[in-house]
Amino acid sequence: MFRIINLSRLANTLHSSRAVTHWNQPTGALRGFHVNAARLKRRKTAEEKKSPRIIEYSPKKTQKTDGGASDIWRHMSVAQLAKELERPLDDIQEAMLYVKGADNIEPAFKLADLKIIQEIAKKLGAKTRVVATPEASSEDDQKDRDVAPRPPAPANLLQPRPPVVTVMGHVDHGKTTLLDSLRGADVAAGEAGGITQHIGAFTVTLENGERVTFLDTPGHAAFSAMRARGAVATDIIVLVVAAEDGVMAQTREVIQLAKETQVPIIVALNKIDKPEANIEKSKRELAQMGLALEEQGGDVQVIPISALKGTNLQLLAEAVSTQATLMGLKSDPTGLVEGIVVESKTDPRRGKLSTAIVSRGTLRKGSVLLSGLSHAKVRGLFDHNGQPLTEAPPGTPVEILGWRELPLAGDLILEVETEKKAHAVLKYREHEAQQEKIESSSDEIRKKEEEHQAKYRAEREARRLAGRFRMRGGQRVKQVDDNEGKPRVSVIIKGDVHGSVEAILDVLETYSSNESCRLDIVHYGVGNVTEGDLELAKAFDSIIYAFAVETPQLKGAKDVNIRSYNIIYRLIDDLKEQLSSKLPPVEVEEVLGEANVLQNFLINEGRKEVPVAGCRCTKGVLKKAQKFRLLRDGEVVYNGPLESMRHLKNEVDTIKKDVECGLRFKDTKVLPQAGDILQCYTTNMEAQQTDWDPGF
């Protein structure tokens, strides 16, 4: 009996071993065979067969199909890279985790290194092409990478602030004495020569309890830039005019500054206690300058005062307070700080300091500040008396300690959130400043290139004309500098504050006699004289001018010419002497006497007839040993020595005034005529004086 075996059931049972026995009908024997797993798939039902077919694509299909490269550029953000590669932002951030140096995966982070950008794209299998930064992107970068003052604050945040009052006027009209009387401190006695040479800022509490911030600016001609800086930072200008002098040069300049900046003026007519004071004359001169005085129907108050004796100072304070009340000065004490640098200096013990006035926000220790290309993390705040402050609200003058670099006076101060943000902004500003410098100097570079090309063509043409072999051999001609052989004075300027150095440099810029003697500024800076300055002075044979700073007690200081001054015009006078000493002496002509030719005589000397001029001395003395010049109708006929000088047939050496004489020249071909003028002169070598006029 044969048994029938169900092969399908057997296959399902033994599919794990995949070995199935097949019944061979003809032979009646069993044969083994193998069943693949693919043949064991479950059949789809009718409903599954009716459903639409789902097509799945691999991730590579999302890449660019045109085979082109993606554009990349320096300083592109992570979000911009994702947009250019046409990949999700998550893919870019995931790839950055495997790239060395790509630590920050924030979408707005700027990738400065092109190699990192290329490596990220390589991880994602994309091709790249480096291109220039798009213009739209650079505009966005400028908004993001630089900082600017905040928009005006809403009215509900504004609070009253002290007015900033600048005291201006001509030199020696009593500005500092007025401020001394207001704050009860004797500053004028400490000023060099009685002249304020940098801006001072301090706060005064008036008798009515109101606080006023005062700025004292220099009145000297060399400090016009500092006065302009004070006018920009101020709310009210108190113009000090001496009643004895009236309107002077710096007075006119201050009035012009006030008109340009639209700052109200209060005139303090000082020194009314002097006998020579003329109040009405000073008022007329002020009216002629365009000031609408209050007594003439205008809005400019004129307060007669005596700063020395304290006359009418309370009236002046009330005028300032009234003007400030009318202006309604308010500011926002919240948010990021804004201010302006009034002055900056380097203290040998405390480092770099700046005097600033806060215009918005409240300045506290730990704040991160930016000013131009300088930044600071505030380590200390001090008032004008050197007392520490915990905070500085708007309208407060404050001395800031903690600057990494010295800020420039007049620059805007802005607070940023972190030091990282400050470094990024500084890097951007330095790049922009470099670009501006390149653009500004492009014309000069082009001009130099044209001059060089013209010189090169001329030399090439000369070589061509000289022949190919004639130029070979021989000693090469040394190139001579155009300035070689000219006298030269090299200087190094060191000052106590930035404003003083700026004023000195402004004066030196007026020097225009480089053809006779060059004036080279080797180095300038704020602070005491250092060993580096001494090395520079030795290398360039320079004079170090130390303005109101300490001179070093170093070994190398003995070999260097260091000159200390605390009054600017004395420094300039010394520099003029140094320039004059370098100039070579010049031949100066001195006329000793003059004579009129009355008649020409011919006398026999041997076989020759020799002309003799009969003259009468009209000025000075005629000396035989000196030179003589014969003038006819303003033209020189003869210039040279005499052969003979006689008076009444006697040979003499000198002829005095109103004495007649006969004169014979060395050159016998010269024929004097009646009416000619004869001059007797001598030449002396005298030291030259520089023609530099700095304006004071």
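**Exercise 1. Find which residues of helix α3 meet which residues of helix α4, and sort them by class.**

Step 1. On the α3 side, V78, A79, L81, A82 and L85 are in contact (heavy atoms within 4.5 Å) with L89, I92 and M96 of α4.

Step 2. By class, this contact holds eight nonpolar, no polar and no charged residues. Ala, Val, Leu, Ile, Met, Phe, Trp, Tyr, Cys and Pro count as nonpolar, Asp, Glu, Lys and Arg as charged, and the others, Gly among them, as polar.

A word on the model: it is predicted, with local features needing pLDDT of at least 70 and side-chain atom pairs pLDDT 80 or more, while totals for chains, interfaces and linings use all residues. Residues are numbered from 1 along each chain as its sequence is written, and side-chain values use heavy atoms, leaving out hydrogens and water.

**Exercise 2. Work out how α3 and α4 are oriented.**

Step 1. The axes (lines fitted to C-alpha atoms over the stretch in contact) of α3 (residues 78-85) and α4 (residues 89-96) come within 9 Å and cross at roughly 115 degrees.

Step 2. Therefore α3 is roughly perpendicular (65 to 115 degrees) to α4.

**Exercise 3. Check the span of helix α12.**

Step 1. Helix α12 covers residues 419-440, which is 22 residues. The expected span is 1.5 Å times one less than the number of residues, so α12 should span 32 Å.

Step 2. Its end C-alpha atoms are 31 Å apart, which agrees.

**Exercise 4. Is V341 buried or exposed?**

Step 1. Locate V341 in strand β15 (residues 338-347).

Step 2. Its relative accessibility is 0%, so V341 is buried (under 20% relative accessible area, with exposed over 50% and partly exposed in between; 1.4 Å probe, protein chains only).

Note on methods. Helix = DSSP H or I, 4+ residues; strand = E, 2+ residues; numbered from the N terminus. Axes fitted to C-alpha atoms, helices over the stretch in contact; angles between N-to-C directions. Parallel < 35°, antiparallel > 145°, perpendicular 65-115°, else oblique.
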